[in-house]
Amino acid sequence: MLPEWLVAWSWSLDGLRDCIATGIQSVRDCDTTAIVTVACLLVLFVWYCYHVGREQPRPYVSVNSLMQGADASGLQNGYVYCQSPECVRCTHNEGLNQKLYHNLQEYAKRYSWAGMGRIHKGIREQGRYLSSRPSIQKPEVFFLPDLPTTPYFSRDAQKHDVELLERSFQTVLCEFEALYKAFSNCSLPQGWKMNSTPSGEWVTFYLVNQGVCVPRNCRKCPRTYRLLGSLRTCIGNNVFGNACISVLSPGTVITEHYGPTNIRIRCHLGLRTPSGCELVVGGEPQCWAEGRCLLFDDSFLHTAFHGGSAEDGPRVVFMVDLWHPNVAAAERQALDFIFAPGR
């Protein structure tokens with residue numbers, strides 16, 4: 001008598017043989033036109049996938065290749081300044097909505113209108129949204145409707161990226177300290193930008209400025225730059241994306257202001273956080289902590305200050321713009337297209 005496993009194996013082979021035979025007979029019985037149609041649809045689908053993938057922007061390139069063409073346009077002191085009168089990020093006139101709608105239409109023609117309802121609604125009624133927003137939250141460029149609104153976000157809003165940034169605290173801190181030594185030799189070393197403040201000094205060192213990498217700066221912080229490429233929700237392909245080291249000297253007060261949009265969350269990783277430093281968003285104060293991330297919506301009215309003494313040293317954070325967690329993947333792709341740098 002055959003063992004049970006051998007009988008079962010023989011039965012499985014018989015079933016497989018019958019299945020293959022049935023499949024071959026089904027193909028023989030099928031109409032030739034139907035087979036050709038299915039084959040054509042499959043070829044079109046493969047071509048579409050290739051076309052979409054080929055046209056998507058590449059978020060990050062290797063650090064060594066960044067310097068190719070680095071000084072071609074707009075680099076002053078290692079900082080990228082917008083020089084285009086048609087820049088969407090810097091344009092504040094009645095033609096902005098038409099420009100945004102044109103960009104949306106161009107995107108939809110190339111890809112799809114699917115999932116574009118909220119963006120279409122936002123662009124169509126942008127003027128009303130920006131003018132009727134309460135004074136506590138009033139983004140200067142683009143407001144995406146129906147997003148949950150809160151001045152601060154919990155760490156779970158972008159848990160993966162927050163944890164990755166905090167694990168990389170020592171890496172970012174070491175590269176900052178190497179950079180900061182240059183301040184002993186001159187007032188404003190290459191790559192740093194001085195920002196306007198009513199009192200004190202606020203300087204920033206951008207790795208990504210309005211969606212554009214600053215090559216010379218990235219070469220000075222290669223490990224921090226590579227860290228950006230590991231973040232899942234870092235905004236790196238549109239004008240609302242930034243990544244920089246921000247330094248406040250003692251006695252500095254940043255004027256209250258609004259960010260450009262509500263589609264992002266601004267993340268601050270504390271590098272040096274002496275006492276007497278505070279961030280106020282939507283009237284709610286918070287303090288930084290070294291090695292910890294603080295997430296907030298900068299489309300709310302916000303300010304920051306360093307009320308400590310000279311002995312306390314500067315307040316230093318690594319700032320990264322992340323996607324708002326309620327902006328869908330299809331919307332992110334469309335917004336990258338609509339607000340692409342230079343578009």
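The model before you is a predicted one, and it holds seven aromatic pairs. Let me begin with the pair formed by Y107 and Y111. Their ring centres are 4.8 Å apart and their planes meet at 40°, so this pair counts as tilted. Both of these tyrosines are buried.

Y111 has a further ring partner, F337, and here the geometry is edge-to-face, with 6.4 Å from centre to centre and 85° between the planes. Where do Y111 and F337 lie? Y111 sits in the loop between helix 3 (96-110) and helix 4 (117-124), whereas F337 belongs to helix 10 (residues 329-338); the pair therefore ties together parts that are 226 residues apart in sequence. Taken together, ring pairs link Y107, Y111 and F337 into a cluster.

One other ring deserves mention. R315 lies over the face of W288, at 4.7 Å from the ring centre.

In general, nonpolar side chains of soluble globular proteins tend to be buried together. In this model the largest nonpolar core has 35 residues, and those with the most contacts inside it are L165, L228, I245, L271 and F318. Which elements supply at least two residues each? Among the helices they are helix 6 (159-167), helix 7 (169-180) and helix 9 (222-230). The strands are strand 5 (202-209), strand 7 (243-248), strand 8 (264-272), strand 11 (293-296) and strand 13 (315-323). Helix 7 gives the most to this core, with five residues.

Leaving aside residues up to four places away in sequence, I245 touches F176, L179, W192, V203, T204, F205, V316, V317 and F318. There is also a second, separate core of 23 residues, which includes L104, V141, F142 and L144.

Finally, I come to strand 12 (residues 302-306). Is this strand mostly covered or mostly uncovered? Strand 12 is mostly covered, with four of its five residues buried. Its pairing with strand 9 (residues 277-281) is antiparallel and runs over five bridges. Within that pairing, C277 has H306 of strand 12 as its bridge partner.

Thank you for your attention.

Key:
Residues numbered from 1 in each chain as written. Predicted model: local features only at pLDDT ≥ 70, side-chain atom pairs only at ≥ 80, totals over all residues. Heavy atoms only, no water. Core = buried A, V, L, I, M, F, W, Y, C linked by side-chain atoms within 4.5 Å. Buried < 20%, exposed > 50% of the residue type's maximum accessible area, 1.4 Å probe, protein only. Contact = heavy atoms within 4.5 Å. Phe/Tyr/Trp six-rings, centres within 6.5 Å; stacked < 30°, edge-to-face > 60°. Lys NZ or Arg CZ within 6 Å of the ring centre and 35° of its normal. Pairing = 2+ DSSP bridges.
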